[in-house]
2 protein chains.
Amino acid sequence: MTSLDAGLAGGEGSDERRRVQRRIYLDDAGAAPLLPEVAAALRDLTTANPSSLHVEGRAARAALDRARDAAAAELGADRSEITFTSSGTESVNLALFGSARRLPKKARILTWAAEHQSVLGPARRLQAEGHRVTIAEVDGAARADPDAITTDTALVSIGLANNEVGTVQPVDEIVRRAHEVGALVHLDACAGPRWIQVPHGPDLISISGQKLGAGGGGVLFVRDGVRIEPLLYGGPQEWGRRAGREDVAGAIAVSTALAISGRDRAGRAVVAAQHSEVLRALLEECGGRLTGASLRLPNFASATFPARRGEDMLLALDVAGVAASSGSACASGSLDPSHVLLAMGLGMEEALGSLRVTIGYGTTGDDLALARAILSSVLAPTAARA
Amino acid sequence: MTSLDAGLAGGEGSDERRRVQRRIYLDDAGAAPLLPEVAAALRDLTTANPSSLHVEGRAARAALDRARDAAAAELGADRSEITFTSSGTESVNLALFGSARRLPKKARILTWAAEHQSVLGPARRLQAEGHRVTIAEVDGAARADPDAITTDTALVSIGLANNEVGTVQPVDEIVRRAHEVGALVHLDACAGPRWIQVPHGPDLISISGQKLGAGGGGVLFVRDGVRIEPLLYGGPQEWGRRAGREDVAGAIAVSTALAISGRDRAGRAVVAAQHSEVLRALLEECGGRLTGASLRLPNFASATFPARRGEDMLLALDVAGVAASSGSACASGSLDPSHVLLAMGLGMEEALGSLRVTIGYGTTGDDLALARAILSSVLAPTAARA
């Protein structure tokens with residue numbers, strides 16, 4: 001029985017612990033806890049169809065319009081440039097498939113190897129459909145090189161920040177270079193907008209509600225004049241870009257969270273940067289090698305521990321009360337080596353020993369002090385397996 | 001200023017009325033009110049990522065698994081046959097694009113002209129992509145004719161019931177005939193499962209959470225052995241059929257509502273059938289011509305009033321306290337003639353004069369008595385325009 005099996009088999013015991021044990025949630029980048037402002041905004045919400053003419057329907061339409069205006073204001077956009085989706089993954093897929101399927105097949109589509117799976121998945125699929133797709137290399141900090149943009153590039157997809165190691169990407173430079181050669185730019189802004197401003201240059205911008213503390217929902221910004229094909233066909237909702245009855249609750253949730261990010265990110269970032277610096281120093285003291293660039297999201301502390309397995313560290317931290325991540329969430333119950341770390345040039349052994357702790361809006365100084373004690377104890381070099 | 005403009009301009013007054021006026025919601029088919037059992041199930045829900053290894057993530061995974069098992073039990077399926085989506089429209093699009101894109105281009109795809117836009121939209125798109133698509137005619141009651149299934153048919157899409165006039169479709173016969181020629185059958189079960197059982201024969205079945213009182217979310221049943229292409233690419237979630245962090249809340253909502261439908265539909269249908277019979281008689285007394293077949297969903301009463309405009313009737317009813325529908329929800333603020341009514345052979349004038357009142361789980365005998373009085377007053381033949 002691996003330690004992972006033991007952890008799962010002990011599920012009831014874990015639940016018991018959760019009730020009596022103080023939990024420190026340091027997985028904000030994995031899923032942000034629901035913001036109280038979002039919970040308040042969703043209270044007593046109508047479930048009526050915004051396309052209905054009756055009072056209930058018109059109230060739903062008005063709520064949806066307010067949500068759209070709030071999202072537009074935060075992104076410096078017009079309401080017609082805002083499309084609500086079900087998730088960040090859907091936004092990214094709609095941006096990439098939607099714009100790529102209007103391009104001639106010989107047009108080049110460019111992204112980088114450390115982008116999120118929701119970017120690389122569509123890129124590989126577009127390649128299978130006959131498009132010319134380049135997945136460019138990144139440097140040892142997961143940074144994308146704008147030089148990968150060639151004169152035949154028609155669509156570029158770049159993340160605002162890497163979601164595993166926090167590296168902030170050179171978005172402005174990529175936008176400038178891409179626009180010089182006439183390419184569209186999609187910005188995957190799923191990771192980061194809680195902490196840094198979303199830039200105004202890209203033609204398409206994807207936002208994830210769950211990464212913002214909205215619980216769910218997504219936004220796709222599509223610049224006025226940029227045409228995309230829908231993924232979902234049917235009714236004329238969302239400016240013809242996404243058919244189906246609008247999810248008013250999801251739209252309110254994501255736009256509320258986006259507005260809170262705009263209001264709070266500057267202040268939160270200062271505190272988070274101080275906290276994460278402490279955590280990064282601690283990870284190094286415990287034998288970890290920091291991952292990512294020095295220009296990183298302010299809430300990130302990530303490292304690799306070559307002599308350890310990520311899931312062992314996660315489960316030991318979990319038992320001690322700290323929720324952390326290995327960087328890449330696992331879907332199968334066991335961790336595959338992270339494609340991001342491999343793209344950064346790490347060996348398999350190092351990639352399997354990764355740990356990511358990310359601070360949230362609700363992380364307190366007390367949380368940090370307790371987390372330091374637990375991390376020190378669990379990650380102490382003497383605790384390493386032979 | 002049309003009466004629609006007047007109604008919208010008077011929005012604040014309408015809101016005021018809503019606070020003091022008893023509302024009777026007879027638009028269950030447009031959007032079912034949130035079930036109290038769903039609201040209870042969503043209380044204190046985690047927003048953690050079900051793919052995370054920590055306690056919070058495992059709790060989310062366990063909740064998602066329970067939701068999947070509940071949906072599977074209600075549909076007589078295995079958990080591996082259940083894919084959660086964001087909506088009924090997404091389920092239908094995934095079923096149709098997902099299965100059609102694995103077919104050879106010469107294979108015939110068949111549906112009928114009175115199906116929902118979320119079926120006809122993908123069908124037309126598949127035609128534009130080079131597939132052979134047949135959109136067969138329906139009879140005067142919107143009934144699909146199984147004879148449209150030809151030996152070269154590879155994929156058939158049929159609704160459980162028509163969402164505008166309630167006609168129950170000959171699903172068993174269509175499944176039998178389709179399977180005889182080796183075609184896959186997709187059942188659009190977005191309209192109806194609150195009232196009638198979802199049959200077990202189809203290969204793909206789409207379910208809409210908002211039509212079930214879940215507020216949102218969707219399910220796609222994919223029979224074991226049937227392969228579909230995803231619409232969303234990225235992570236391996238939902239058996240590889242739909243990438244993206246799972247919406248645990250949406251999954252719980254739709255599976256709870258599906259279970260409530262299974263538990264309550266037989267009893268509710270008896271009451272609704274009595275109520276809707278009264279309403280249909282009333283619509284006829286007021287000069288309406290009933291639409292749909294006698295084998296209809298038990299909560300449906302729909303009719304056309306040739307000398308009237310649907311939106312005038314809706315807004316007059318709305319002012320008097322009754323939320324009704326014209327059958328087809330409008331997205332533009334003005335009503336287009338319903339494609340369903342036109343497919344049934346109605347003239348433009350008749351199609352523009354349609355009214356649909358649909359009873360919900362919460363509709364009481366008192367509601368019905370008051371609704372009768374209001375409908376009689378608003379629809380009295382003397383109130384008709386010249």
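## Interface between the chains

In this predicted model, the contact draws 56 residues from chain B and 56 residues from chain A; two residues are in contact if their C-beta atoms, placed from the backbone, lie within 7 Å. On the side of chain B that touches chain A, two or more residues come from each of helix 2 (11-20), helix 4 (55-75), helix 5 (88-100), helix 6 (117-128), helix 8 (248-285) and helix 9 (310-320) of chain B. Helices (H or I, at least four residues) and strands (E, at least two) are DSSP runs, numbered from the N terminus. Helix 6 of chain B gives the most to this side, with five residues.

The residues of the side of chain B that touches chain A comprise 22 nonpolar, 24 polar and 10 charged. Ala, Val, Leu, Ile, Met, Phe, Trp, Tyr, Cys and Pro count as nonpolar, Asp, Glu, Lys and Arg as charged, and the others, Gly among them, as polar.

Residues are numbered from 1 along each chain as its sequence is written, and chains are lettered from A in the order in which they are written. Local features need pLDDT of at least 70 and side-chain atom pairs count only at pLDDT 80 or more, whereas totals for chains, interfaces and linings use all residues.

## Sheet in chain B

Three strands of chain B form an open antiparallel sheet in the order 9-10-12; strands pair if DSSP finds at least two bridges between them. Strand 9 (289-290) and strand 12 (354-358) of chain B are at the edges with a single partner strand each, so one side of each has no neighbour in the sheet. Strand 10 (residues 300-304) of chain B is joined to strand 12 of chain B by five bridges, and B:T304 stands opposite B:S354 in strand 12.

## Helix pair in chain A

The axes of helix 4 (residues 55-75) and helix 9 (residues 248-285) of chain A come within 8 Å and cross at roughly 30 degrees. Axes are lines fitted to C-alpha atoms, for helices over the stretch in contact, with angles from 0 to 180 degrees between N-to-C directions. The contact of helix 4 of chain A with helix 9 of chain A has 11 nonpolar, two polar and two charged residues.
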